Structure formats: structure tokens, C-alpha cells
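These are my notebook entries on what I looked up in one structure. I kept them in the order in which I went through the side chains and the open space.

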Amino acid sequence: MNVLRSLTRITRPCAQLARTMSDESPRSMERCINEVTLMGRVGRDAELRGREDMNQVAVFSLATNYRIKKKDTGEITQDTDWHNIVVFNPYTRDFVASKIKKGDRLLVQGQLSNKKYEDPTTNERKIISRVIARNVINLTQKWRNEEQSHQGEEEEYENQDQSS
């Protein structure tokens with residue numbers, strides 16, 4: 001039920017924004033949207049990258065599936081896309097690094113980012129697409145309670161009161 005509420009909160013603002021941008025006023029042309037919502041399975045355990053004294057990021061991959069119907073045979077095949085996910089927010093990053101494991105089903109919200117670089121071995125310019133995650137919700141059955149879904153907000157630790 002909580003997952004359905006989260007999905008409703010996600011889709012309702014997008015529909016409202018689409019209606020406001022449908023007019024051809026000059027102001028609507030100034031607006032840009034870079035919003036990604038993915039639901040899939042984790043392909044590898046999340047890992048922390050970066051130096052401890054600097055800002056670390058959590059990195060993992062997410063697989064999403066889709067079906068394709070071949071025109072000539074009518075056969076339906078399933079294909080998989082892999083997405084690189086990066087988490088900068090320290091609270092979400094710590095949640096992802098400690099709780100997200102390979103095979104978990106996630107809902108990820110964020111924005112698309114393209115990183116350009118030159119391959120040192122072939123001197124080719126390459127582009128890597130990644131999702132900068134803002135919200136990560138673990139949909140796996142064992143973590144479905146609200147304490148385990150994390151949406152980029154500060155956590156309130158119950159143990160803080162006991163330690164004082």
C-alpha cells in the first residue's frame with residue numbers, strides 16, 4: 001500500500017506539469033524536465049567510491065526489462081537494459097551502501113546525467129549515461145516497511161536519546 005502511495009505522489013506532479021507545459025506560451029518553452037523513474041533489480045551490490053575524507057558516492061547497477069514483439073514472427077522476446085546509478089546524498093548513500101544487495105527490487109527516482117570522457121587506450125570520445133538518484137525505495141518483500149525505504153531525508157535515530 002505504501003508503495004502505491006509513493007507511485008501516486010510521483011505520477012501526479014508529472015501529469016500536472018505536462019498539462020501546464022502543453023500551451024505554446026514563451027514561458028513554457030523555457031522549462032526543461034530531467035526526471036527519471038526506474039523500477040528494476042539490482043545487478044551488483046552497491047559500493048562506496050571516493051576517498052573517505054572527501055565526498056563519497058554509492059554506485060550500483062539496475063536492470064530493467066521490456067518486451068518486444070517481432071513483426072515477422074509475432075514472437076515476444078524480453079530484453080534488458082542496464083542503468084548505472086549514482087547516489088550523492090549522504091543519507092541515501094549510507095542507506096544504499098548498507099541495505100541494497102544484488103537481486104533487490106528497487107524504485108529509483110532521479111535525473112539523467114551524461115558524462116563525456118576520452119578513452120586513453122583508443123583515444124575515442126565516449127559518453128556514459130547514468131542516473132543521479134534522489135530517492136531510492138527498496139521494494140523487496142523483506143524490506144518493504146517504511147523504515148527501509150529512504151527518500152533523501154535525514155534519519156531520526158532512536159538510539160541517540162539512549163546514548164545521552
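I began with Arg134, which is partly exposed at a relative accessible area of 37%; buried means under 20%, exposed over 50% and partly exposed in between, with a 1.4 Å probe and protein chains only. The model I am reading is predicted, so local features need pLDDT of at least 70 and side-chain atom pairs count only at pLDDT 80 or more, while totals for chains, interfaces and linings use all residues. I also noted that residues are numbered from 1 along each chain as its sequence is written, and that side-chain values use heavy atoms, with hydrogens and water left out.

Salt bridges. I found that the structure holds 4 salt bridges (a side-chain nitrogen of Lys or Arg within 4 Å of a carboxyl oxygen of Asp or Glu). In one of them, Arg134 meets Glu35 with 2.8 Å from N to O. Arg134 sits in strand 6 and Glu35 in the loop between helix 2 (26-30) and strand 1 (36-42), so this pair ties together parts that are 99 residues apart in sequence; helices (H or I, at least four residues) and strands (E, at least two) are DSSP runs, numbered from the N terminus. Glu35 is partly exposed, at 35%.

I then looked up Glu47 and Arg49, whose closest N and O atoms are 3.1 Å apart in a salt bridge. Glu47 is partly exposed at 34%, and Arg49 is partly exposed at 41%.

For the salt bridge between Asp94 and Arg93, I wrote down 3.3 Å between the closest N and O atoms. Is Arg93 buried or exposed? Arg93 counts as buried at 13% relative accessibility, whereas Asp94 is partly exposed at 40%.

A histidine. I placed His83 in strand 4, and its side chain has a polar contact of 2.8 Å with that of Thr64; such a contact is a pair of N or O atoms within 3.5 Å, where within protein one must be able to donate a hydrogen and the other to accept it, and residues adjacent in sequence count only if both atoms are side-chain atoms. Beyond its neighbours within four places in sequence, His83 is in contact (heavy atoms within 4.5 Å) with residues including Leu38, Phe60 and Thr64.

A pocket. Last, I noted that the lining of the second largest pocket includes Arg49, Lys115 and Arg130. A pocket is an open set of points on a 1 Å grid over the protein atoms alone, where a 1.4 Å probe fits, with protein on both sides within 12 Å along at least five of seven lines; lining residues have an atom within 4 Å of a point.
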